[in-house]
Amino acid sequence: MKKKRKQGRKNQWTDHLTRQAIKDRYPARSVYKLMEIQKKFKIMKKGDHVLDLGCAPGSWLMYAAESVGENGSAAGIDLKDVIVGLPQNAAAFVGDIFKMGDHAWVRKHYNLVLSDMAPATTGRKEADAARSFELSLTALEKANSLLVPDGNFVCKIFQGSDFKIFEEKVKTNFMQHKIFKPESCRKSSKEIYIIGTGKK
């Protein structure tokens, strides 16, 4: 019986965030992770230009656009189309992050690069972590080439044997870095976020 009640509480928590996202007009509950990150680390400010890698279904892109205001901008790219309505200072593009250089919209002076990308999971933890590591490396590569000096970087990665390698790479490229798991993450999830601030 205790196990059943515990599961009920977990489902209630999940439903609460899902209902809240609908109420707040965001397409996914993941927006609350970025809200927590912003509240704690102040990664973006008014007038900033933000790039969101793997932006579908659009929650992070919407929140980023709202956070930087009308004098800032938020651009996102994903293999899937973003169908939700976006603020005027936001735009989503369908494309492959591995071929981003081919897109004319890619600017060279972002203040923040976000990556909430995750691989299609197989259920094998180490295999999934390895694929997440590769995506994270690509996100870091884009951040290194597109961020202005002192810019910021937020990246989701699955915890696995390569996690420390990625952490060291972020540490090398940014003045400070933090490891953070938002409270809105599911407890069973292996995802964690690395925040790099002050690009060298």
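This report describes the strands, helices, nonpolar cores and some backbone details of a predicted model.

## Basis

Local features in this predicted model require pLDDT of at least 70 and side-chain atom pairs pLDDT 80 or more, while totals for chains, interfaces and linings use all residues. Residues are numbered from 1 along each chain as its sequence is written, and side-chain values use heavy atoms, with hydrogens and water left out.

Helices (H or I, at least four residues) and strands (E, at least two) are DSSP runs, numbered from the N terminus.

## The sheet

Seven strands form an open sheet with mixed pairing, in the order S3-S2-S1-S4-S5-S7-S6; two strands pair if DSSP finds at least two bridges between them. Strand S3 (90–94) and strand S6 (174–180) are at the edges with a single partner strand each, so one side of each has no neighbour in the sheet. From one strand to the next, the twist averages 15°. Angles run from 0 to 180 degrees between N-to-C directions, and axes are lines fitted to C-alpha atoms, for helices over the stretch in contact.

Strand S2 (residues 73–78) pairs with S3 in the parallel sense over five bridges, and Ala75 stands opposite Ala91 in S3. S1 and S4 are also paired in the parallel sense, over four bridges, with Val113 in S4 as the bridge partner of Leu51. On S4 and S5 the pairing is parallel over five bridges, and there Leu114 stands opposite Val154 in S5. Six of the six residues of S4 are buried, where buried means under 20% relative accessible area, exposed over 50%, and partly exposed in between (1.4 Å probe, protein chains only).

Contact here means heavy atoms within 4.5 Å. Helix H4 (residues 125–146) lies across S1, S4, S5, S6 and S7, and runs at about 170° to S5.

H3 is largely enclosed by the rest of the structure, because nine of its ten residues are buried. Those buried are Ser59, Trp60, Leu61, Met62, Tyr63, Ala64, Ala65, Ser67 and Val68.

## Packing of H2 and H3

Two packed helices are described by the angle between their axes and the distance between the axes. For H2 and H3 the angle is about 35° and the axes are 8 Å apart. H2 passes H3 in a right-handed crossing; a crossing is right-handed if the near helix is turned clockwise from the far one by less than a right angle, and left-handed if anticlockwise.

On the H2 side, Val31, Lys33, Leu34, Met35 and Gln38 meet Ser59, Trp60 and Tyr63 of H3. The residues of this contact divide into five nonpolar, two polar and one charged. In this count Ala, Val, Leu, Ile, Met, Phe, Trp, Tyr, Cys and Pro are nonpolar, Asp, Glu, Lys and Arg are charged, and the others, Gly among them, are polar.

## Nonpolar cores

A nonpolar core is a set of buried Ala, Val, Leu, Ile, Met, Phe, Trp, Tyr and Cys residues joined through side-chain atoms within 4.5 Å. The largest such core has 28 residues, of which Ile43, Met44, Val50, Leu114 and Val154 touch the most other members. H3 provides the largest share, seven residues.

Leu114 touches Leu34, Ile43, Val50, Leu51, Asp52, Leu53, Trp60, Ala64 and Val154, leaving aside residues up to four places away in sequence. A second, separate core of 27 residues includes Leu51, Phe153, Cys155 and Phe174.

## Backbone details

The peptide bond from Ala56 to Pro57 is cis, with omega near 10°; Pro57 is placed in the loop between S1 and H3. Just after H3, Gly69 takes a positive phi of about 75°.

Lys42 is in the loop between H2 and S1 and counts as exposed at 58% relative accessibility. Asp150 is in strand S5 and is exposed, with a relative accessible area of 55%.
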